[in-house]
Amino acid sequence: MTFKTMIAAGTLLALGASVALPQTAAALDAKQKEEFGAFIKEYLLANPEVMLEVQEALSAKQRAKQQEAAEAAIAANKKAIFQSKYDVTLGNPDGDVTIVEFYDYNCGYCKRALSDMDQILKTDKNVRFVLKELPILGPDSLAAHKVSAAFRLIAPEKYGDFHRALLGGEERATEETAIAVAAKLGVTEEQLRAKMEKEPQDSAVRESYSLANELGITGTPSYVVGNEAVFGAVGADEIATKVENMRSCGKTVC
């Protein structure tokens, strides 16, 4: 058992990670194990940066595993992710690269990421941007989603304006605020309630929840670009780089 192996094993144990020790370590008697543990503790106290290095390596390994699972999920659910009948497309409907955003109208990070979407659409006229609602922040989010779904059916050509107004608003998104936004765009509460009753669109949110589970999405905003799931508000520049890579080599990382 090398010195580095001893340190790595000891550090992983200190971090609570599961680790299989080499047979030589497992064969140590009680006294040797006690001495081994004391040595590892003394070394880590003197060199605590080692724990950070191991934690970073462990996190990188977990991210790689998460992304591998997401890639498989994207491959298995392409139609639902990129071509769902429930979603709205902004930008170029025939764009050569598609960006899919999962969002909640009450997500603060989604509100800040709204400008990222607009920047991408302004600077890249060949991007297809798909909006996929994922109301996960409580009853208000779900209620706002139901109004949003009804608005999309009634006035799909105005949905981009509705989306920007509701997501960009400072107040909490609720059924009431969503109805108010719709009214400013010419769709009345009576029209919305009639559409919600006749075509409730519950299957839309069920599809989003299912896809989020498959992709490993636990928060918003999250994106799918090509073969990659992107978690969090990473910014317009990083997403644009992934788009350019898709054009260059067919993957988000060339």
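**View 1. The hairpin of S4 and S5.** Two residues lie between the strands of this hairpin, and Gly 226 takes a positive phi near 60 degrees. The model is predicted: local features need pLDDT of at least 70, side-chain atom pairs count only at pLDDT 80 or more, and totals for chains, interfaces and linings use all residues. Residues are numbered from 1 along each chain as its sequence is written, and side-chain values use heavy atoms, without hydrogens and water. Strands are DSSP runs of E, at least two residues, and helices are runs of H or I, at least four, numbered from the N terminus. S4 and S5 (residues 228-231) are antiparallel, with four bridges; strands pair if DSSP finds at least two bridges between them.

**View 2. Ser 222 in strand S4.** Phe 231 of S5 is a bridge partner of Ser 222. Ser 222 is also the bridge partner of Phe 102. Ser 222 and Val 224 point one way, Tyr 223 and Val 225 the other, and all are buried (under 20% relative accessible area; exposed is over 50%, partly exposed in between; 1.4 Å probe, protein chains only).

View 3. Arg 152 is buried but has no salt bridge (a side-chain nitrogen of Lys or Arg within 4 Å of a carboxyl oxygen of Asp or Glu). Glu 133, the nearest side chain of opposite charge, is 6.4 Å away.

**View 4. Glu 244 and Arg 247.** Their salt bridge spans 2.7 Å, N to O. Three residues apart in helix H12, Glu 244 and Arg 247 are separated by about one helical turn. Asp 96 and Asp 124 join Glu 244 and Arg 247 in a network of salt bridges.

Technical notes: Lys, Arg positive; Asp, Glu negative; His and termini not counted.
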